[in-house]
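This report describes one protein chain for a reader who has the sequence and the model at hand. Please look at the structure below before reading on.

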Amino acid sequence: MKSTYTIGVDYGTDSVRALVVNTQTGESIGTAVHYYERWKKGLYCNPSISQFRQHPLDYIEGLESAIKGALDGLSEEIKQNIVGISIDTTGSTPVAVDENGTPLAMLPEFSENPNGMFILWKDHTANAEAEEINQLAHHWNVDFTKYVGGIYSSEWFWAKILRTLRVDESIREKAFSWVEHCDWISAVLTGETNPLTMKRSRCAAGHKAMWHEEFQGLPSEEFLTKLDPLLSGLRERLFRNTYTSDESMGKISAEWASKLGLSANVSIGVGAFDCHMGAVGAEIEPYDFVRVMGTSTCDMLIAPNEEIGHLLIKGICGQVDGSIIPNMLGMEAGQSAYGDYYAWFQRVITEPVRELLGEKAAEELAQKLIPYLSEKASLLPISENDPVATDWINGRRTPDANHELKAAFMGLNLGTDAVKIFKMIVEATAFGSKAIVDRFISEGVPIKQVIAIGGVAKKSPFVMQTLSDVLNMPIKVASSDQACALGAAMNASVAAGVYTNLQDAQKAMGSGFDARYEPRTEYVEVYQKLYDKYQNLGKYTENI
């Protein structure tokens with residue numbers, strides 16, 4: 001049988017990577033990564049007010065660079081037997097577009113305007129707007145937040161749109177519609193970016209835009225207009241229907257086929273968010289708890305609709321039919337900072353070195369610091385009298401979104417050094433994870449096993465062992481270090497007709513698991529007591 005191939009494209013916070021996969025064997029035969037040039041320079045961002053924007057040109061340049069890099073060195077025969085491309089992105093990462101679906105920042109007059117760019121998932125400038133959405137929804141005759149955990153987040157679609165329309169009159173006058181990154185970049189490959197006709201992701205719409213069939217799509221015009229008259233008329237310029245990611249968005253355009261050196265018959269799949277496709281790449285099954293562990297975490301669960309579809313799970317990032325696997329209820333939770341918390345502490349230490357001793361010394365220290373701290377922290381004793389911290393350094397995503405929250409440290413003394421603080425931070429991220437697990441279980445959703453993917457899962461045994469001890473659960477780590485891109489490639493294989501469903505694609509293309517962490521019984525009880533302290537600290541800081 002002739003081999004066919006698909007390409008999974010994974011847009012992360014800092015970079016985009018492409019992965020070429022054999023659909024029959026799951027073998028990865030080409031990969032490349034492109035780091036966003038403008039983002040790398042810190043352009044258009046202001047961390048002090050949680051403003052994080054990305055220029056669409058970074059995405060387009062990255063798409064071409066990463067795919068070409070992944071194809072480099074492959075034979076012409078392989079290139080001509082590539083049958084599908086699917087894309088995952090961060091989210092919610094929306095952008096204002098004109099009638100043609102062109103992001104406003106790609107128009108000359110908006111080229112340097114951050115409000116015309118993609119508003120990254122971790123942008124929290126719309127905290128006030130999110131609270132207004134919650135207040136109105138909870139007093140409306142229909143609670144449009146009930147399928148997104150009952151709390152709308154400033155990281156999501158409507159809050160970001162409303163904030164932008166309020167603060168920028170020029171964007172308000174020019175914006176025809178709004179499009180998620182995963183929808184727009186997939187449409188770019190087809191050459192059809194009309195916002196009224198492009199296929200919108202079920203994953204993005206259900207988890208971040210309050211889309212649900214019960215509502216006949218998006219929240220009602222009456223609700224949106226009551227929220228703010230600036231939203232009047234926007235609903236009809238968005239979308240009614242959504243599509244699961246095993247479906248085809250269309251064929252690759254002649255322009256992109258020529259640019260990439262591919263056949264004109266390549267199918268482009270409907271896009272989705274990185275964590276959802278990562279769960280597919282991790283071979284998720286019902287009641288698996290898949291942790292996508294990077295700068296933040298996304299936690300994914302699936303279950304048969306007939307078993308838990310009647311539940312409304314409080315405080316999570318949504319429950320959406322088909323957002324991960326078609327005909328299964330997809331559930332999402334997560335933490336707004338995980339690896340970002342470790343990176344923050346790294347900067348705290350290295351920035352004075354940069355100022356005092358120069359760039360070279362700072363970079364050398366940065367490369368060695370986290371591995372050093374991890375090794376030393378792993379040797380520390382664990383006691384119920386240890387100091388604790390909370391994990392809300394960038395607010396709290398779940399359970400119960402609140403991005404106004406800040407991290408807190410308790411129990412420091414003159415003997416507390418950098419290694420002990422790092423241990424506190426790692427434990428804090430594990431405690432935040434346990435709070436999510438406990439919420440699912442208390443809401444009636446069992447967890448069968450924990451699967452981890454992502455950079456943190458692959459690179460830090462200390463973090464993973466701590467997490468296993470705190471959760472008191474075994475953790476399996478997926479073999480693929482590019483599980484999100486692999487999941488995208490699996491979706492592409494179904495969209496292209498190689499497989500009839502995602503389960504078959506997972507079986508054929510899965511990479512298996514290469515590490516397993518077991519909870520150490522001698523620490524489980526101690527960590528439960530420290531977790532209780534974490535909860536008490538959290539309650540205190542949340543109420544001051």
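Leaving aside residues up to four places away in sequence, Trp 392 touches Leu 405, Lys 406, Ala 407, Tyr 534, Gly 538, Thr 541 and Glu 542, where a contact means heavy atoms within 4.5 Å. Trp 392 lies in the loop between strand 16 (388–389) and strand 17 (409–410). Its relative accessibility is 6%, so Trp 392 counts as buried; buried means under 20% relative accessible area, exposed over 50%, and partly exposed in between, with a 1.4 Å probe and protein chains only. Trp 392 and Gly 150 are separated by 242 residues in sequence and by 20 Å in space, C-alpha to C-alpha.

The model is predicted: local features need pLDDT of at least 70 and side-chain atom pairs count only at pLDDT 80 or more, while totals for chains, interfaces and linings use all residues. Residues are numbered from 1 along each chain as its sequence is written, and side-chain values use heavy atoms, with hydrogens and water left out.

The chain contains 20 helices and 20 strands; these are DSSP runs numbered from the N terminus, helices being H or I with at least four residues and strands E with at least two. Its radius of gyration is 22 Å, close to the 24 Å that the globule rule gives for 544 residues, so the chain is as compact as a globular protein of that length. That radius is taken over C-alpha atoms, and the rule is 2.2 Å times the number of residues to the power 0.38. Further values for the chain are set out below.

| Property of the chain | Value |
|---|---|
| Box filled by the C-alpha atoms, along the principal axes | roughly 65 × 55 × 55 Å |
| Buried residues, of 544 | 61% |
| Contacts between residues 24 or more positions apart, among those with a separation of 6 or more | 72% |

Asn 472 follows helix 17 and has a positive phi, near 55°.

In helix 19 (residues 502–509), the buried residues are Leu 502, Ala 505, Gln 506 and Met 509. Seen down the axis of helix 19, they fall within an arc of 100°, so they line one face of the helix; the arc is that of the directions from the helix axis to the C-beta atoms. Their cover includes strand 1 (5–11), strand 2 (15–22), helix 11 (274–281) and helix 18 (483–495).
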